Amino acid sequence: MKILIVDDEAYARDKLRRLVAEHVADASVTEARDGKEALDSIAKHKPDLVFLDIQMPEMDGINVASQLSPPLPLNVFVTAYDQFALQAFDANAIDYLLKPYDEARFLRAMHRVEERSAMARKTDTEQHLLLSEKGRVLVIKLADIVRLEAADNYVLICTAQEQHMMRQTLSGLHERLGQGFVRCHRRHIVRLDQITQVLPAQKGDAELLLRNGPSLPCSRQYREDVVQQLASLH
């Protein structure tokens with residue numbers, strides 16, 4: 001497990017590093033001293049878990065969490081002040097460690113992290129599409145799909161590396177994809193976390209810029225739903 005410890009106080013980082021070393025097998029630990037370092041480290045190392053101090057100079061932990069883009073690490077907020085608890089859980093915290101915490105409290109937090117990680121792994125393995133192609137059955141994870149496009153009686157399924165055709169209607173396939181995908185056009189569905197910008201176009205339409213792949217049209221009738229679902233990710 002890749003773990004990032006963020007705290008402006010060295011002794012607080014040392015305490016967490018010691019507890020992680022004693023109780024978390026095969027942990028790879030990095031540290032950050034403030035919010036800017038935290039954002040840089042998250043972008044570079046993509047940790048699975050972040051212990052995030054709330055009160056830090058210039059940029060607090062809540063602000064750091066609000067700037068993260070999917071896929072998000074698991075966050076455990078750490079602070080000496082309990083008045084931030086509600087804000088922490090609003091920012092999708094797994095747990096909230098109130099200083100000074102002891103070893104037992106740390107272990108309870110790690111138990112919650114392990115439970116959430118197990119749920120995520122189970123969900124990831126269960127969510128997939130099966131399609132027949134040239135006499136073979138392919139398994140395509142939903143997490144790998146970037147976008148889908150209607151093509152007559154078929155749907156073109158696009159991942160970052162390849163494309164496949166599936167005999168299905170776009171509407172019928174949309175029902176199987178779950179909440180991570182959004183219809184943006186009569187011919188297009190896109191995975192929400194692939195959208196980086198929504199640019200206005202003529203007559204209330206829009207253009208969606210993606211992390212991987214070409215930009216997509218967004219019809220006026222779908223634009224409001226796309227924006228609302230994007231807002232729900234943050």
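Here are a few notes on some spots worth a look in this predicted model.

1. Let's start with Y11. This tyrosine sits in helix α1, which covers residues 10–23. With a relative accessibility of 59%, Y11 counts as exposed, because the cut-off for exposed is over 50%.

2. Y11 also has a partner: its side chain makes a polar contact with the side chain of E9, at 3.2 Å.

3. Next, the surface. L130, V137 and V139 make a nonpolar patch of about 300 Å². Of these, L130 belongs to strand β6, residues 128–133. L130 has a relative accessible area of 46%, so it is partly exposed.

4. Now to helix α6, residues 170–177. Which residues of α6 are buried? They are L170, L173 and L177. Looking down the axis of α6, you'll find these buried residues within an arc of 65 degrees, so they line one face of the helix.

5. What covers that buried set? The cover for the buried residues of α6 includes β6, the strand that holds L130. Also among the covering elements are β8 (145–151), β9 (154–159), β10 (163–167), β11 (181–185) and β12 (188–191).

Methods:
Residues are numbered from 1 along each chain as its sequence is written. This is a predicted model: local features need pLDDT of at least 70, side-chain atom pairs count only at pLDDT 80 or more; totals for chains, interfaces and linings use all residues. Side-chain values use heavy atoms; hydrogens and water are left out. Helices (H or I, at least four residues) and strands (E, at least two) are DSSP runs, numbered from the N terminus. Buried means under 20% relative accessible area, exposed over 50%, partly exposed in between (1.4 Å probe, protein chains only). A polar contact is a pair of N or O atoms within 3.5 Å; within protein, one must be able to donate a hydrogen and the other to accept it, and residues adjacent in sequence count only if both atoms are side-chain atoms. Patches are made of residues with over 30% relative accessible area and no salt bridge: like charges are joined within 9 Å, nonpolar side chains (Val, Leu, Ile, Met, Phe, Trp, Tyr) within 5 Å. Accessible areas come from the Shrake-Rupley method with a 1.4 Å probe; for residues, only the protein chains shown count as cover. A salt bridge is a side-chain nitrogen of Lys or Arg within 4 Å of a carboxyl oxygen of Asp or Glu. The arc is that of the directions from the helix axis to the C-beta atoms. Contact means heavy atoms within 4.5 Å.
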